[in-house]
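Let us take a walk through this structure together, one part at a time. Have the sequence and the 3D view open as you read.

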Amino acid sequence: MKILVINGPNINMLGIREKNIYGDKTYEDLVKKIQEEASLLNCQVDFKQSNYEGEIVEFIQKAYGIYDGIIINPAAYTHYSIAILDALKSVNIPTVEVHISNIYTRDEFRKKSVTSEGCIGQISGFGFNSYTLALRALVENK
């Protein structure tokens with residue numbers, strides 16, 4: 001099974017930004033944790049990160065016919081990107097939306113996910129484990 005992990009804006013700044021919310025582990029630590037879980041589950045994972053909405057749309061479109069599942073953390077785009085939602089719907093690849101923090105306990109504007117409508121599920125609030133839980137869900141429900 002091939003899974004694409006897509007991370008949106010500022011996820012590359014993990015370990016630096018808002019440590020009280022996101023902790024002190026880095027983006028590289030996140031990638032390593034997901035790779036370790038993928039190894040246990042005997043699946044392949046590839047990673048993409050962008051601070052640009054259009055590039056994220058292209059990652060999703062180019063996944064068509066190549067990947068069996070997508071894990072996406074759209075970050076700030078979660079709350080308003082119809083373009084990412086439309087891309088997810090267009091490729092029809094099973095997708096799980098993830099968030100490191102619990103978006104429902106934060107600012108009011110963060111409590112609405114526009115992009116989750118294009119996903120089979122959403123996991124938030126479990127730190128880096130949100131990704132490994134999503135990976136497990138995709139593999140076990142293929």
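This is a predicted model: local features need pLDDT of at least 70, side-chain atom pairs count only at pLDDT 80 or more; totals for chains, interfaces and linings use all residues.

Strands, in the sense used here, are DSSP runs of type E with at least two residues, and they are numbered from the N terminus.

Is Ser124 buried or exposed? Its relative accessibility is 15%, and buried means under 20%, so Ser124 counts as buried. Setting aside the neighbours within four places in sequence, Ser124 is in contact with His99, Ser101, Asn102, Ile103, Tyr104 and Ser130.

Now turn to strand β1, which is mostly covered, with five of its six residues buried. Which strands pair with β1? One is β2 (residues 44-49), which runs parallel to β1 and is joined to it by six bridges. Within this pairing, Leu4 has Asp46 of β2 as its bridge partner. Another is β3 (residues 69-73), paired with β1 in the parallel sense over five bridges. Here you can find Ile6 standing opposite Ile72.

In soluble globular proteins, nonpolar side chains tend to be buried together. The largest nonpolar core in this model has 25 residues, and the members that touch the most others are Leu30, Ile71, Tyr131 and Leu135. At least two residues of this core come from each of β1 (2-7), α2 (27-41), β4 (95-99) and α5 (129-140). Which element gives the most to this core? It is α2, with six residues. There is also a second, separate core of 17 residues, and among its members are Val57, Phe59, Ala87 and Cys119.

Next comes helix α5. With 12 residues at 1.5 Å a residue, α5 should span 16 Å, and its end C-alpha atoms are 16 Å apart, which agrees. Which residues of α5 are buried? They are Ser130, Tyr131, Thr132, Ala134, Leu135, Leu138 and Val139. The buried residues of α5 pack against β1, α2, β2, β3, β4 and β5.

Finally, let us look at the charged pairs. The count of salt bridges comes to four. One of them joins Arg17 and Glu18, whose closest N and O atoms are 3.4 Å apart. Glu18 has 37% relative accessibility and so counts as partly exposed.

Another salt bridge is formed by Glu37 and Arg136, with the closest N and O atoms 2.6 Å apart. This pair links distant parts of the chain, since Glu37 is in helix α2 and Arg136 in helix α5, 99 residues apart. Glu37 is buried, with a relative accessible area of 13%, whereas Arg136 is partly exposed at 32%.

Arg136 has a further partner in Glu140, the closest N and O atoms being 3.2 Å apart. Both residues lie in α5, four residues apart, or about one turn of the helix. An α-helix has 3.6 residues a turn, so residues three or four places apart point the same way. Glu140 counts as exposed, at 56% relative accessibility. Through shared partners, these salt bridges join Glu37, Arg136 and Glu140 into one network.

Methods
Residues are numbered from 1 along each chain as its sequence is written. Side-chain values use heavy atoms; hydrogens and water are left out. A nonpolar core is a set of buried Ala, Val, Leu, Ile, Met, Phe, Trp, Tyr and Cys residues joined through side-chain atoms within 4.5 Å. Buried means under 20% relative accessible area, exposed over 50%, partly exposed in between (1.4 Å probe, protein chains only). Contact means heavy atoms within 4.5 Å. Two strands pair if DSSP finds at least two bridges between them. The expected span of a helix is 1.5 Å times one less than its number of residues. A salt bridge is a side-chain nitrogen of Lys or Arg within 4 Å of a carboxyl oxygen of Asp or Glu.
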